[in-house]
Amino acid sequence: MDKGLLAYLLIPLLSAVIIPFAARSRARLADILANVTLLAGLLNLAWLALRPSVIAGGFADIPGDGFSLLLVGAVYLVGLCVTFFSAWFMEDGQANRPAYYSLILASVSAMTGVVTTTDFFTLYVFIEVLAVTSFALITTDESTKGIEGALKYFFLTFPASALIIVGISILMLSLGSLSFETLRIFMASDVPPGPVTFAAALIMLGFLIKSGVVPFHAWTPDAYQGAYAPVSAHLAGIVTKISGVYAVVKLATLLRFFDGRAAALSEMLMFLGLLSIAVGALAALRQKDFKRMLAFSSISQVGYIVLAAGLGTPLAIMGAIFHLVNHATFKTVLFLNSASLEKSAGTTDMEKLGGMEHSMPWTSWTSVIALLSTAGVPPLSGFWSKLLIILALWEAGLRGYAALALLFSLVTLAYFMVMQRKVFFGKKTQAAESAPEVGAPLLAPVVLMSALIVALGLLFPYFYAYAKMVAERILL
Amino acid sequence: MDLSIKMLITAVAVPVFGAFLIPFAARISTAARNAFAVLLGLFTFVAAASLASTVLGGQTADFTLNFPRGFDLILHADLLSVFMASVSAFVSAVILIYSLDYISHYDNQTEYYAMVVLFLGSMMGLVFSANLLWMYVFWEMTGFASWRLVGFFRSDRDVAKANKTILVTVFGALCMLLGIIMVYFDHGTLDLRMLHGQAISYAAAAFILAGILSKSATLPFSTWLPDAGVAPSTVTSLLHAAVLVKIGVYAYARIFGVTFAAPDAFSNTVLYLAGASALVSAGAALIDTDIKRIIAYSTVSQIAFIFLGLASGNKTAFVGALLYILMHSVAKGGLFLCAGIIEQNTHTKDINKMGGLFASMPVTGTAFALCSLSVMGIPPFGGFFSKFLVFSGAAQNGNLAVLLMFLAGAVMTLLYLVRLFYKIFLGEPAGHGSPKEGSVTMVASVMALALIGLALGALIYYPSAYAELLTNTLGVNLQ
C-alpha cells in the first residue's frame, strides 16, 4: 500500500458512510457532501502535482511512482464530474439518492485502493469492491434495462474474478509472496519462470475480461447502454479502465515485457489489442444507438492501451498511460453528453435525433472536440498518445502493427462522422425541435473536460515529462 | 527578439487564436464580427508579406518552441514559405471581403467566419513549419476547418460530402504521417533545415506523396474536390480550389523540392500521375454541365501542371511551377468568385440553363474572360509565362510521353474554358428570369483579381526574379 495516498482512499469511504445518515432528512445534503469530498481531494492532488515548483523540477518531487498519483487524480476528476452532473441530472424525488452518492464515493475509494496497492491480494479485494458497487450503480434508475445490464456485467465478470483468484493462488504457491515487488524481482532474475507465467496469464486473462477487450467484450455495450445515464460515464470513463486496463498495464510493467522474458504473453496481448482496435471500430460503424456506439468506441480505444501495454517498452508504457488518461477525459465528455441528450431529447437513438447543433450548441461542440481527440486529430491530446504508441511500435520493429493502428484512426473518424451527421449536424428531427440545451451546471463538467482535452494537447511537453518520470520509476 | 521573428509568430498565432475569438465578437454584433474577421485576414496578409524584405535580404527568421523527442514547433521564414504565405493570405483576405455580401443571408455565419480564419491560420502554420510533424498537425487542422466549411449547409447531402472530404484527406494524411515516422526513424530528426539535401527512402517518399495527392486532389484521390465544389457556398469551393489544394503543392515543393533529394524513379511516377490527372479531369470538365464542378475539375487539371513543373527536376520548370501557383491562385480565385455571382443571380448552376448573360452582367463577364485567358495561358497574361516556363522546363527533361499528355491537357483547357464562357455569356438567353449584376463589393473583388492577373503578366519581371532567387538559393538536386 502506498501510504502517502491512503487518505485519498479513506476520506471518500468515510463520506460514503456518513452520507446516508446526514442526508436522512435533507436529501440534497448527499449531493453537497459527495461533491465537496471529491473537490477537496482533487484540489489537494493538484497542489501536490501541479505546483509551479514541482513542474519546474520535472516532477522529481512527486511521491511514490507517480503512476498511482496520476490515476488517483483521474479517478477523482471523473468522479467529481459525474457527481456534479448527477446533482442536477437526478430527479428531485428520486428515492435512492443518498445510496447513489454513497456508492459513487465507495467506488472512488475502491479505485484509489486499486491504483495504490502494492500486492495482488489487496488488488483483488478492491477490484471486487469496485465490481459490487458497479452492479448496484448500473441499476440506479431501477429500469429493466439497467438490471439486465448489471446482470450481464455480473455474469461475465464473475468468471474473471475466479480466474484472477486462481492465478493469485498459484502465484502465492510458487513465489511465496503476493507483493508486486517480488514478482518484479523474480522476472528480472534468471530463474526459469515456470508456473509463474501461467499464473500471470490467468490473472491477465481475468483483467482482460474486465476491461472488455475483444473477444471478451460482449458485456460492455449492454452494461453501458442499460446503465443509469451518468453512471455509464462513470463506468466507461474510469471504472472499467481502472478495474481492467490499469491492472493490465501494471502487470505488463511487472512482467518486464520489454526484456522479452514473457514474450508469448506479450505477443498475445498485442494481438488482442489490435483485434480490439479493429473489431471495436468496425462494430461501432454499424451502431444505431449513441451509447452503444460509444461503448464500441471504448472497446477500440482500450485496444490501443492494451496494445501498448503488450509491447511494454518505456515509450509504449508512456503512451499507454497517456492514452489511459486521455480516454478518461474524452469518454467522460461523450457519455455525459449522451446523458444530456437523453434528458433533453428523451432518446439516444441516432435515427430519432438530428440537427442538435442548433438546440444544443455546447453539447454539440464539446462532443466534436472529444470525438476528434478520440480519432487522434492533432493538436488535441488523443493525437499525442496515439503517436507515442505508434512510434513505440515502429521503434520495436513492429511496422505492420504500427501501420494498422494508425490507419484504424480513420475508421474511428468514420464512425464519429456518421454519428455527427445523424445527431448534431444534419436535418432537425421532431425530437430536436423541442429539445432545449441543458443548463449550465450540466455543461460545466463537460466544458471542463473538453478544456482539459485541448490543454493536455497543447501542454504535451509537461505531460510527456510526467509520463517519462513515471515510466522511469516503474520500469527501471 | 527581432522584429521579423515577431511578425512570423503573429502571422501564425493571430489567425489561429483569433478564430476562436470570433464567436465572442459575434456576441457584440454582426458588424463587429465581420469587421474582426476581415481585419484578421488583412493583418495576416500584412504580417506574412512584411517578411518578404527579410528573406529577400538573404536572411531567414526562425522561432522554436521546444517539444520532447524532437517534435519542436519550428517556424521558419524563407523565400518559399513567405511566397506561399503571402499568396494564400492575400487570396483568403479577398475571400473574406467578398463573403461579407455573399454569405450575409445564410445560417451559421459565425461558424463560417471562424472556420475561414482558422483555416487561414493553420495554412500559415503549415507553410511556416520547418518540422514535418507540425506540418502534419497544421495539415489536419486545415482538414478540420474545410470539413466544417464544406458542410456549411446542413442537408444530408452536404454533410455526407463534407464527411467524404475529410475522410479522403485524413486517409492521405495518415499515410503521410506514416511516411513522416519513417523519416523520423531513418534520419533521427524531423527538422527540415537539418534534412536539407538528404536522400529519402522510396517508401517514405511514396507515403508522403499519398498525403500530398489527397490534399491537392490529384489522381487517384481527386474525387473529393468536385464534390466539395458542389457543396454549398462558392466561397467555400473557392477556398478549396484556390488555397486548400495548394497545400499539397506547397508540401511537395517544400519536401521534395527544397529539402529531400527525391529518387528519379519517384519523380517520374509523379509526372505520369500528374499527366493522367491533367487529362482525366480536363475531360471531365469538358462534359460536365455544373459550372462549379467544371471549375473544380479545371483546378484538378491545373494542379497537375504545377506538379509537372515541380517534378521535372530542372530550374526553369521549378520557377515556372512557383509562378504557376501565384497565377493560378489569382485567376482561379477570380473564376470561382464570378461563378458565385452568376449562381446567386440566376439561381442555377446548370450551364445549359444560362446563356446570353453578357448583356446583363458585363463586368462579371469581362472579369470571367480575363481570368479564363490567364488560366488558358494566353499572352500577355501572367498565366502565359508560368505555363511557358513549365513546358520549356519539361521539354528539357526530355520525357516525350509526359510532354504530350500535358500538351493535350493544355489544349483541352482551352476548349473547356471557351465552351464554358460561350454557354454562360454568349448565345441565346435560356429562360433565367432577369439576372442583374452582382453587388459592388463582389464585382469589385472579381475585377480586382482579373486585373491583377493582367498586371502580373505585364510586371512578370518581379515575380519571376523572386522565383529564380528562390530556386537558386533553396532548390535541391535541380539541373
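How many residues does the contact take from chain A and from chain B?

## The contact

The contact takes 24 residues from chain A and 23 residues from chain B. Two residues are in contact if their C-beta atoms, placed from the backbone, lie within 7 Å. On the side of chain A that touches chain B, α17 (381-395), α18 (399-423) and α21 (460-475) each supply at least two residues. Helix α18(A) gives the most, with nine residues. Helices here are DSSP runs (H or I, at least four residues), as are strands (E, at least two), numbered from the N terminus.

That side of chain A has 18 nonpolar, three polar and three charged residues. Nonpolar means Ala, Val, Leu, Ile, Met, Phe, Trp, Tyr, Cys and Pro; charged means Asp, Glu, Lys and Arg; the others, Gly among them, are polar.

## Model and confidence

This is a predicted model: local features need pLDDT of at least 70, side-chain atom pairs count only at pLDDT 80 or more, and totals for chains, interfaces and linings use all residues. Residues are numbered from 1 along each chain as its sequence is written, while chains are lettered from A and ligands numbered from 1 in the order in which they are written.

Chain A averages a pLDDT (the predictor's confidence in each residue, from 0 to 100) of 88. In chain A, 99% of the residues score at least 70.

## Backbone features

Most peptide bonds are trans. The bond from Val214(A) to Pro215(A) is cis, with omega near 5°. Pro215(A) sits in the loop between α9 (195-211) and α10 (219-226) of chain A.
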